[in-house]
Amino acid sequence: MTRPDLVIFDCDGVLVDTETLANRHLVKMLNARGYGITFEEARKNLCGMPMRAVKDRVEAEGHLLGDDFVDRWYGAMPIIFEAGVEAIPHIETVITAVKKADLSYCVASSANVEKMHLTLGKSGLIAHFADVLYSASMVARGKPFPDLFLHAASEMGVEPGRAVVIEDSVAGTTAGTAAGMRVFSYCGDEHADHEGLAAAGGILFDDMRKLPAPLGIA
């Protein structure tokens, strides 16, 4: 495949192993407000979306979460991840290959910048990305809309068609595809929605060590 000029990484589930802890807490918050959802349903249907979009979706179904829902969610982050955050297995292999190939790279996440600093900091990855963090809070519409990826590419000075996205969620894969970018969808997690990722246009892979080759930087 054609070597890209920019690699855009999602954060949660691509760089850091946070999805299980975060989604278990999200389920507790939603259940407490009378919204019946299981962990498996949250992973499949809400993963990758900005929390404000999750709130809008749930409230559209008639379950009021309160004006402070998003603030309460982010306020719980230090407690959720107080025991530490692990990097996704072998992600540093990808980061090293991208740097060695002298490719531009950045992070584009549904999370706010403070959460990215927290999780990337605890995992030891923040030094790679501290100056290139883009959040859904910076655009009008988060994933599954393309706005965030288009914003990140613009800020990095790269045409969308010359960028690739590394994602793990259906919402993120949909957003990257809509932005006109190739999307490599990581499905190494046991809860990955293989069918949904493929239907959204993702190029599936299940081991980070397999990624440099299709990027043309092995």
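The legends below describe close-up views of a predicted model.

**Figure 1. Strand S2 and its two pairing partners.** Strand S2 covers residues 104-109. Five of its six residues are buried, so S2 is largely enclosed by the rest of the structure. Strand S1, residues 6-9, pairs with S2 in the parallel sense over four bridges. Within this pairing, Leu6 stands opposite Ser104 in S2. Strand S3, residues 133-135, also pairs with S2. The sense of the S2 and S3 pairing is parallel, and it runs over three bridges. Here Val107 has Leu133 of S3 opposite it. In a regular strand, side chains alternate between the two faces of the sheet.

Figure 2. A disulfide is a covalent bond between the sulfur atoms of two cysteines. With a cut-off of 2.5 Å between cysteine sulfur atoms, the count of disulfides is zero. Cys47 is in no disulfide, and its nearest cysteine sulfur, that of Cys11, is 12 Å away. The relative accessibility of Cys47 is 8%, so Cys47 counts as buried. Cys106 is likewise in no disulfide; the nearest cysteine sulfur to Cys106 is that of Cys11, 12 Å away. Cys106 counts as buried because its relative accessibility is 0%.

Figure 3. Rolling a probe the size of a water molecule over the atoms shows where empty space is left. How many cavities of 30 Å³ or more does the structure hold? There is one. The space in the largest cavity comes to about 240 Å³. Its lining consists of 19 residues. Nearest the centre of the cavity lie Asp12, Glu19, Gly48, Met49 and Lys115. At least two lining residues come from each of helix H1 (19-32), helix H3 (51-60) and helix H4 (69-75). H1 gives the most, with four residues. By residue class, the lining of the largest cavity has 11 nonpolar, four polar and four charged residues.

**Figure 4. The largest pocket and its lining.** The volume of the largest pocket is about 220 Å³. The pocket is lined by 17 residues. Those nearest the centre of the pocket are Glu19, Arg43, Asp168, Asp189 and Ala192. Its lining residues divide into six nonpolar, four polar and seven charged. Glu19 is named among the residues nearest the centre for the largest pocket and for the largest cavity.

Figure 5. Asp147 lies in helix H9, which covers residues 147-156. Is Asp147 buried or exposed? Its relative accessibility is 18%, so Asp147 counts as buried, the cut-off for buried being under 20%. The side chain of Asp147 makes a polar contact with that of Arg141, at 3.0 Å.

**Figure 6. The cis peptide bond from Lys143 to Pro144.** Most residues other than glycine have a negative phi, and most peptide bonds are trans. The bond from Lys143 to Pro144 is cis, with omega near 20°. Pro144 is placed in the loop between S3 and H9.

Figure 7. Val85 is in the loop between helix H5 (77-80) and helix H6 (91-100). Because its relative accessibility is 5%, Val85 counts as buried. Val85 and Val16 are 69 residues apart along the chain, while their C-alpha atoms are separated by 6.8 Å. His90 is also found in the loop between H5 and H6. His90 has a positive phi of about 70°, although it is not a glycine. At 35% relative accessibility, His90 counts as partly exposed.

**Figure 8. Asp102 in the loop between H6 and S2.** The loop between H6 and S2 holds Asp102. Asp102 is not a glycine, yet it has a positive phi of about 60°. The relative accessibility of Asp102 is 68%, so Asp102 counts as exposed.

Notes
Residues are numbered from 1 along each chain as its sequence is written. This is a predicted model: local features need pLDDT of at least 70, side-chain atom pairs count only at pLDDT 80 or more; totals for chains, interfaces and linings use all residues. Side-chain values use heavy atoms; hydrogens and water are left out. Buried means under 20% relative accessible area, exposed over 50%, partly exposed in between (1.4 Å probe, protein chains only). Two strands pair if DSSP finds at least two bridges between them. On a 1 Å grid over the protein atoms alone, a cavity is a set of points where a 1.4 Å probe fits but cannot get out, and a pocket is an open set with protein on both sides within 12 Å along at least five of seven lines; lining residues have an atom within 4 Å of a point. Grid points are joined across faces, edges and corners, and a volume is the space filled by probe spheres set on the points. Ala, Val, Leu, Ile, Met, Phe, Trp, Tyr, Cys and Pro count as nonpolar, Asp, Glu, Lys and Arg as charged, and the others, Gly among them, as polar. A polar contact is a pair of N or O atoms within 3.5 Å; within protein, one must be able to donate a hydrogen and the other to accept it, and residues adjacent in sequence count only if both atoms are side-chain atoms.
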